[in-house]
Amino acid sequence: GLKKKEVNVLCLGLDNSGKTTIINQLKPANTQAQEIVPTIGFNIEKFKSSSLSFTVFDMSGQSRYRNLWEHYYKESHAVIFVIDSGDKLRMVVAKEELDTLLNHEDISSRKIPVLFFANKMDLRDAMSSVKVSQMLCLENIKDKPWHICASNAIEGEGLQEGLDWLQGNVS
Ligand code: GTP
Ligand code: MG
């Protein structure tokens, strides 16, 4: 068949937001990990959608590893930014890291799509995706396509919607 277009995706967000759990769900069932552990540094994962072949850099969100993120901005064609919708206390930290990302010269100069997952929507006190969007001031992003999906990475809910959006917005 036709060779699928290769896309590099950078998966970012604070530690414990659910990045690895999301990426794991997007992989073919027979290659999924049974147990998810906190990421050390980063891991590279691959999976395919109907038209694209994704290489995902699943970065650790721990503060001591966040300085690694910027080294992968240049080669990325899209960003997935994951938020723990139940972590109200650290929403300001997530916003700081997002703002640092968006203001970086390797990102600010490019129209790459940014997909947000307001993850852990299953938690009883989870904020809605609208609320998360307001807390992160996403309406201020005017120079890039962006989209936010509520997700439950454990059950896999919301992930396909996000991937479909990403597929339609990478160039
Ligand atoms: P780092 O690798 O440390 O940056 O964390 P991460 O963002 O990769 O988070 P990870 O996928 O390791 O998930 C952290 C914890 O959150 C795990 O215990 C997951 O099972 C849990 N988790 C992930 N997604 C969800 C979700 O949608 N709902 C709930 N309730 N828990 C989730
Ligand atoms: Mg991880």
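What follows is a chat about how the terms used for this predicted model apply to it.

Colleague: What should I know before I start counting residues?

Modeller: Residues are numbered from 1 along each chain as its sequence is written, while chains are lettered from A and ligands numbered from 1 in the order in which they are written. The model is predicted, so local features need pLDDT of at least 70, side-chain atom pairs count only at pLDDT 80 or more, and totals for chains, interfaces and linings use all residues.

Colleague: How do you know what the predictor's confidence is?

Modeller: pLDDT is its confidence in each residue, from 0 to 100. Here the protein averages 97, and 99% of the residues score at least 70. The model also has ipTM 0.99 and pTM 0.98.

Colleague: How do you know which strands pair with E4?

Modeller: Pairing needs at least two bridges found by DSSP. Strand E1 (residues 5-12) runs parallel to E4 with four bridges, and leucine 12 has phenylalanine 81 as its partner. With strand E5 (residues 114-119) there are six bridges, again parallel; isoleucine 80 is partnered by leucine 115. Both pairs therefore meet the cut-off.

Colleague: What makes something a nonpolar core?

Modeller: It is a set of buried Ala, Val, Leu, Ile, Met, Phe, Trp, Tyr and Cys residues joined through C-beta atoms within 7 Å. The largest one here has 41 residues, and Cys11, Phe116 and Ala118 touch the most other members. E4 gives the most to this core, six residues.

Colleague: Which residues is phenylalanine 116 in contact with?

Modeller: Contact means C-beta atoms, placed from the backbone, within 7 Å. Leaving aside neighbours within four places in sequence, phenylalanine 116 contacts Phe81, Ile83, Leu138, Trp146, His147 and Ile148.

Colleague: Why is H1 said to be largely enclosed?

Modeller: Eight of its eight residues are buried, so the rest of the structure largely encloses H1. Those residues pack against E1, strand E2 (42-48), E3, E4, E5 and H5.

Key:
Helix = DSSP H or I, 4+ residues; strand = E, 2+ residues; numbered from the N terminus. Buried ≥ 20, exposed ≤ 12 C-beta atoms within 10 Å, placed from the backbone. Contact = placed C-beta atoms within 7 Å.
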